[in-house]
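Here is a short note to read beside the model. Please keep the structure open and find each residue as it comes up.

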Amino acid sequence: ATGIGRACAIELARGGDHVFVLNRDAQKSAVVVNEIKKAGGEADALSADITDSASLRNAFDAVGRCDVLINSAGAASNMPFEQVTEAEFQRLLAINLQGLFSCCQLATRDMPSGGRIVNISSRAALGGRNMAHYTATKAAVNGLTKSLAVELLPRGITVNAVAPGLIDTPLSRGALTEEQFQGFIALQPMKRAGTPEDVALAVAYFASPRAGFVTGQCLYVDGGKSLPS
C-alpha cells in the first residue's frame, strides 16, 4: 500500500485491472483504493500479513481467481555482516522470501493460462556493502523466479522479476539514514534515485499480454547502476 506496491496498484488499475491491495495496515490499503476509485478504477482493500500463512490464505480466498500476482512486500536494513542478528536475518527471510513463496502458491491455485507473476527483486542481489542478509533474500528471489517459470510454463503462466536499484520509497528511507541515502545517490550514474512509478511501468509490462513470450527474466530498473563502469 506504499512505495512500489502502491505505484503498481495504481498503474495496473489505470490499465483496466481490478486490483486487490493486500497490506497489514488496512487504513493504508483503503487510502490507495480510494485513490484508484476516484480516478475511475476498480479496487478492493484486504488485510494480510505476509508472515502469517492463515492471514494470507484468508486474503487469497477472498480474492478468488487471481490473473496477476505482484509480489511487492519487502523488508530491508543496512548493517555490516558481523552485526546481523539471527532474528534480523529471519525477519528478512520471512518477508522477502517465505512470504513471497506462499503468495505464489496461493495465487496459482486458480490462476488461468495467461496468468502472470511478477516478483520485486533488487539490484542488491548482485551484492553490496552492509546488505549481505538482504542480498541473500533477493538472490533467492531471482532463483525462485527462474524455477517457477520452468514449473508453470506448461500451465501458460509466466514468472518474471523486476530488480529496482535505489528507489525513493518509505522502505529505503526507513532502512537508510539521510546521510546514507544521499551517499547512495552520489554513486548513481544518473545522480538521482528512481521513483516507484519507474518500477511500476516495468511491472506493468511483465503483467500484460504483451509479455506473453517472456518468462524467467529479471529486469534491472536501476538507472544504469548495474552497468560496468
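1. Start at Ser-72. This residue sits in the loop between strand 3 (68–71) and helix 4. Helices (H or I, at least four residues) and strands (E, at least two) are DSSP runs, numbered from the N terminus. Ser-72 counts as partly exposed because its relative accessibility is 31%. The cut-offs are these: buried is under 20% relative accessible area, exposed is over 50%, and partly exposed lies in between (1.4 Å probe, protein chains only).

2. A word on the basis. This is a predicted model, where local features need pLDDT of at least 70 and side-chain atom pairs count only at pLDDT 80 or more, while totals for chains, interfaces and linings use all residues. Residues are numbered from 1 along each chain as its sequence is written, and side-chain values use heavy atoms, with hydrogens and water left out.

3. What lies around Ser-72? Leaving aside residues up to four places away in sequence, Ser-72 touches Gly-5 and Ile-120. Contact here means heavy atoms within 4.5 Å. Asn-119 is 47 residues from Ser-72 in sequence, yet the two are 6.7 Å apart in space, C-alpha to C-alpha.

4. Next, helix 4 (residues 86–107) and helix 5. Their axes come within 9 Å and cross at roughly 15°. Helix 4 is therefore roughly parallel to helix 5. Axes are lines fitted to C-alpha atoms, for helices over the stretch in contact, and angles run from 0 to 180 degrees between N-to-C directions. Under 35 degrees counts as roughly parallel, over 145 as roughly antiparallel, 65 to 115 as roughly perpendicular, and the rest as oblique. Helix 4 passes helix 5 in a right-handed crossing. That term means the near helix is turned clockwise from the far one by less than a right angle; anticlockwise is left-handed.

5. Which residues join these two helices? In helix 4 they include Phe-89, Leu-93 and Leu-100, and in helix 5 they include Tyr-134, Val-141 and Leu-148. By class, this contact of helix 4 with helix 5 has 13 nonpolar, three polar and two charged residues. Ala, Val, Leu, Ile, Met, Phe, Trp, Tyr, Cys and Pro count as nonpolar, Asp, Glu, Lys and Arg as charged, and the others, Gly among them, as polar.

6. Helix 4 also meets helix 3 (residues 53–63). The axes come within 10 Å and cross at roughly 35°. The crossing is right-handed.

7. Now helix 1 (residues 3–14) and helix 8. They pack at about 50°, with axes 8 Å apart. So helix 1 is oblique to helix 8. Their contact has eleven nonpolar, one polar and three charged residues.

8. How many aromatic pairs does a search of the whole structure find? It finds one. The rings of Tyr-205 and Phe-206 have centres 5.6 Å apart and planes at 45°, so the pair is tilted. Rings of Phe, Tyr and Trp (its six-membered ring) pair if their centres lie within 6.5 Å; planes under 30 degrees apart are stacked, over 60 edge-to-face, and the rest tilted. Tyr-205 is partly exposed at 33% relative accessible area, whereas Phe-206 is buried at 4%.

9. Last, check two backbone angles. Asn-130 is not a glycine, but has a positive phi of about 65°. Lys-191, also not a glycine, has a positive phi of about 60°. Lys-191 lies in the loop between helix 7 (178–186) and helix 8 (196–207).
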